[in-house]
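This report examines local features of a protein backbone and of its charged and sulfur-containing side chains. Please consult the sequence and the structure shown below while reading.

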Amino acid sequence: MPHSTTIPAVPNESAALRAVRGSAIRNLLAVTEQPEMLSLAGGLPATDLIPTDRIADAAARVMGRPGALQYTTSRGASHCRDAVAMVEGVDPSRILLTHGSQQALSLLAQAIIDPDDVVVVDDPVYVGALQAFQCARAAIVALPITNEGTNVAALVELLEGGTRPRLVHTVNNFHNPSGITASTSTREQLADLAERYGFWIVEDDPYGRLGFRSAPPAPIPGGRTIRLGSASKTLAPALRVGWLNADPGVVALIERLKQCADLCGSTLNQLMVADLLADTAWFDAHVRAVTSEYSSRAQSLASALDDEFGDSVEYAPPSGGMFCWVRLPDVDTDKLLNVAVSRGVAFVPGSAFAVNANLTDCARLSFATLQPDGLREAVRRLGTAVNDN
Ligand code: PMP
């Protein structure tokens, strides 16, 4: 049969993809790549703090090892699983390596969520997690985050009302985007509720090592917690090495799914990460240097905000991570973004992270990417944009 000439150039989307909202943040990357643009937008760790020489050393060292350029197991190269297990303080049988922790979110969503299963997220939410759950066609329930982290009171109300979530997602350390760290009591209550009502907790923790003054409280206890970690914020995002730390039964499920997703991650990159993590003295000193620099950048951003906006900005000074969540009462930050971009500064408006909440006067400002001078100039441009908005 001759081919029809009316075949559409784009196939119809699957129901799974139809459920996914595009990420405004990833779309903004195109804007922030423009020269002269000062970006407070992306969740990009500081390029100038990436340990390029040490990573090159690791590459040279592992390149000659047998198997470095071969396929590895779907769980990941054992050297790297051992090094991650040491960092996490658990047995290597609990560790599976992923292509960034984003892949762990997406595999988990596919592995344990059926369409219409309830998944509880924070509002505002980490958009990459929301997208992974949407793609699994979950029924999303978003609870407004509190200063103590995930909203346990609202979760209890939901559970007592008969809702039975399959999974609760939490970024309990230096939350993206709100910067909030969950209290010990929130962590313990979540673990108790998970046991009582049979849901799984995803403790999505790429920022836990980036505390400015003190380490965050201990991870969420209990057998129903699936912890996700990442080398992206401490070493380099381009390594694309993340991990899942969970009961070996969960690891086995995800392993089977990873076989069909990508066979395995990059052996070379995993061996490089193993080399870097296992060099404990170097790694700890490196993380201390990164957090100390982020802490002073956060202070630069805060004092620039105070100078520029005075009482017309509200924020909690960041205690770690990469983000400062601000509220500019009476400013529509979606509209502001257009003006700001024309003045040479980008940020992410609150609406990009909102599920149900009205966050149109909020914005996420990253203090990690720019150096102090850049941060001050970016805030000055933001001030001009607010005046001209
Ligand atoms: N979880 C959270 C909360 C994040 O902020 C990010 C990155 N922005 C990720 C997971 C994914 O990071 P990666 O895939 O680079 O490990």
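Glu36 is found in the loop between α2 (24–32) and β1 (38–39). The model discussed here is a predicted one.

**Backbone geometry**

Most residues other than glycine have a negative phi, and most peptide bonds are trans. Against that background, Glu36 stands out: it is not a glycine, yet its phi is positive, at about 80 degrees. Glu36 counts as exposed because its relative accessibility is 68%, and the cut-off for exposed is over 50%.

Arg240 likewise has a positive phi, of about 50 degrees, without being a glycine. The loop between β7 (225–230) and β8 (242–245) holds Arg240. With a relative accessible area of 30%, Arg240 is partly exposed.

|---|---|---|
| Asp123 to Pro124 | near 5 degrees | between β3 (118–123) and α6 (127–135) |
| Asn176 to Pro177 | about 15 degrees | between β5 (167–170) and α8 (184–197) |

**A buried arginine**

Arg364 belongs to strand β13, residues 362–366.

**Cysteines**

A disulfide is a covalent bond between the sulfur atoms of two cysteines. How many disulfides are counted in this model? The count is zero. Cys264 is in no disulfide, and the nearest cysteine sulfur, that of Cys80, lies 13 Å away. The cut-off for a disulfide is a pair of cysteine sulfur atoms within 2.5 Å, so the sulfur of Cys80 does not qualify as a partner for Cys264. Cys264 is buried, at 10% relative accessibility.

Cys324 is also in no disulfide; for Cys324 the nearest cysteine sulfur is that of Cys362, at 11 Å. Is Cys324 buried or exposed? Cys324 is buried, because its relative accessible area is 2%, and buried means under 20%.

Technical notes. Residues are numbered from 1 along each chain as its sequence is written. This is a predicted model: local features need pLDDT of at least 70, side-chain atom pairs count only at pLDDT 80 or more; totals for chains, interfaces and linings use all residues. Side-chain values use heavy atoms; hydrogens and water are left out. Helices (H or I, at least four residues) and strands (E, at least two) are DSSP runs, numbered from the N terminus. Buried means under 20% relative accessible area, exposed over 50%, partly exposed in between (1.4 Å probe, protein chains only).
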